[in-house]
Amino acid sequence: MTSQTLREARKYEETYDKRIALEDRPGFHLSTRVGWLNDPNGFSYYEGKYHLFYQYHPYDPYWGPMHWGHAVSEDLLHWEYLPAALAPDMSYDRDGCFSGSAVSLPDGRQLLMYTGVKRIPLEEGGFRDEQTQCLAVGDGLDYEKYEKNPVLDVKNIPEGCSKADFRDPKMWVNEDGTYSCVVANRAADGSGQLLLYTSQDGFEWKFKSVLIENHNRFGVMWECPDVFRLDGKDVLMCSPMDMLPEGFEYHNGNGTLYLLGTIDEENGTFKAQTDHAVDYGIDFYAPQTILTPDGRRVMIAWMQNWDTSRLHPKETPWFGQMTLPRELSVKNGRIYQNPIRELEKLRHNKVEYKDVVFTDTIKLDKVKGRKVDLEIELEPVEGKELYKKFAVRFAQDCQYHTAVSFRPYESILKVDRKFSGSRRAAIHQRRSQVSSENGKIKLRLILDWFSAEIFVNDGEQVMTITLYTDQAADGISFFADGSVKMNVVKYDLIG
Ligand code: FRU
């Protein structure tokens with residue numbers, strides 16, 4: 001039975017998404033159907049299609065009572081909107097259906113687990129959140145909330161832990177057919193921790209252990225956890241709130257973190273060995289991963305960040321898009337990320353330049369555009385002093401540009417969107433320490449109208465930003481302070 005609240009949301013999105021022209025949306029990144037989008041939810045493969053749900057407020061371009069938007073795709077690049085899947089329509093989720101995940105049940109149905117939020121007003125003013133984990137079962141289109149909801153509530157939270165912050169369940173099916181899930185919570189000291197729960201059938205859950213405690217090491221509350229095995233390592237990903245920068249890591253305030261380590265299955269604990277930010281740009285939060293039918297671990301994230309997501313005008317018809325889905329692998333103690341290989345099918349009009357030596361600003365014939373895959377390889381020129389700086393500028397005309405620059409002496413890569421057309425004094429620049437030797441570096445820039453994702457050294461690091469520059473600004477130019485030798489391969493991304 002569809003509730004009135006869900007019917008209204010479905011009617012609203014159907015009416016209003018027609019008012020957004022296709023060319024005013026990203027070309028191959030999923031954007032919200034209408035209104036507002038944040039975290040990816042329920043990323044899954046079900047009945048021959050990828051399903052992606054998302055935190056959704058259809059009625060205006062700002063966060064509000066959370067629904068789950070819904071889209072499906074066969075290749076993770078072309079998305080078809082389906083009607084909203086969940087609306088805040090029950091007493092236990094009346095203030096929002098927060099983030100969660102999805103699995104397939106043995107009987108062929110799809111199971112969603114999400115956080116139901118209920119705000120209880122306090123006598124002294126303000127309110128207290130009641131966050132519980134809830135289920136909905138469906139057929140890939142319509143979902144029925146489980147009659148025994150919530151399935152995890154305060155009774156399932158260990159003594160002394162926060163009863164208010166308890167959200168974002170990520171569940172998975174184990175090899176023996178049982179189910180596990182991790183839920184974000186806070187320990188007595190206010191610092192983030194993840195709770196591990198298990199279930200025989202996906203419906204009845206019990207507490208197993210505190211998987212890991214943050215001890216205020218990485219930010220405060222950890223949101224949107226994900227746990228998976230990759231290339232012989234156990235990986236824990238999450239999005240810590242209020243992070244302090246450490247060297248060139250964690251510059252985002254609301255940041256992202258991955259830990260490589262090992263899970264002790266018996267005791268249900270995670271032991272971390274290394275930590276890094278997941279992305280080093282500005283707009284990236286709440287990543288969620290999926291194991292594809294052909295065995296790839298693919299990650300998608302909200303291509304925005306809380307600190308820069310409240311500055312757009314009220315009239316904006318849509319706000320919020322996902323990153324490009326990225327294939328993950330573990331190499332040299334790090335997670336490498338590369339655009340999903342399906343993107344290669346969109347590559348057209350190849351243009352290639354080899355051994356271009358330059359010492360100032362240059363443009364290359366046919367190298368321009370805003371939906372572009374651009375591979376750049378740099379090296380110093382033999383017999384010349386090492387160059388001081390290289391930059392590629394894009395989304396460029398006489399007024400606007402966004403730049404990625406590299407300084408080999410410091411090995412610093414910088415993105416800068418100050419001149420992208422923003423009228424706000426928001427965060428526009430980010431620097432990252434990258435690996436390079438003697439001025440050699442490889443960059444792959446994926447541009448899609450409103451975003452740039454910069455993959456460094458075959459995916460060792462990624463810097464992601466959004467930009468809302470006038471679409472007519474489609475120039476690309478290169479700059480060198482000193483002598484640079486460069487190879488460029490450029491494709492238009494079409495289709
Ligand atoms: C992360 C988050 C989640 C929550 C959701 C609410 O961006 O704050 O913790 O479930 O967004 O929209």
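Buried means under 20% relative accessible area, exposed means over 50%, and partly exposed lies in between, with a 1.4 Å probe and protein chains only. By that rule, buried residues make up 60% of the 495 residues in the protein chain. This is a predicted model, in which local features need pLDDT of at least 70 and side-chain atom pairs count only at pLDDT 80 or more, while totals for chains, interfaces and linings use all residues. Residues are numbered from 1 along each chain as its sequence is written, and side-chain values use heavy atoms, with hydrogens and water left out.

**View 1. The whole protein chain.** The protein chain has 1 helix and 33 strands. Helices (H or I, at least four residues) and strands (E, at least two) are DSSP runs, numbered from the N terminus. The C-alpha atoms fill a box of roughly 70 × 50 × 50 Å, taken along the principal axes. The radius of gyration, taken over C-alpha atoms, is compared with a globule rule of 2.2 Å times the number of residues to the power 0.38. For 495 residues a compact globule would have a radius near 23 Å, and the protein chain agrees, with 23 Å.

**View 2. The shell around the ligand.** Of the 13 residues around the ligand, Asp-39, Gln-55, Arg-167, Asp-168 and Glu-223 come nearest. Here a residue is near if one of its heavy atoms lies within 4 Å of the molecule or strand. The shell divides into 6 nonpolar, 3 polar and 4 charged residues. In this count, Ala, Val, Leu, Ile, Met, Phe, Trp, Tyr, Cys and Pro are nonpolar, Asp, Glu, Lys and Arg are charged, and the others, Gly among them, are polar.

View 3. The protein covers 95% of the 320 Å² of accessible area that the ligand has on its own. Accessible areas come from the Shrake-Rupley method with a 1.4 Å probe; for residues, only the protein chains shown count as cover. Strands β1 (35-46), β5 (97-104), β9 (166-173) and β13 (222-230) each give two or more residues to the shell.

**View 4. Asn-38 and its surroundings.** Asn-38 lies in strand β1. Asn-38 counts as buried because its relative accessibility is 2%. Its side chain makes a polar contact of 2.8 Å with that of Trp-36. A polar contact is a pair of N or O atoms within 3.5 Å; within protein, one must be able to donate a hydrogen and the other to accept it, and residues adjacent in sequence count only if both atoms are side-chain atoms. Leaving aside neighbours within four places in sequence, Asn-38 is in contact with residues including Tyr-54, Trp-63 and Met-322. Contact means heavy atoms within 4.5 Å.

View 5. His-348 is found in strand β22 (residues 347-358). With 35% relative accessibility, His-348 is partly exposed. Not counting residues up to four places away in sequence, His-348 touches Tyr-491, Asp-492 and Ile-494. The side chain of His-348 also reaches the backbone oxygen of Leu-346 at 3.0 Å.

**View 6. Backbone exceptions.** Most residues other than glycine have a negative phi, and most peptide bonds are trans. Asn-149 and Pro-150 are joined by a cis peptide bond, with omega about -10°. Asp-355 has a positive phi, near 50°. Asn-457 also has a positive phi near 50°, and lies in the loop between β30 (451-456) and β31 (461-466).
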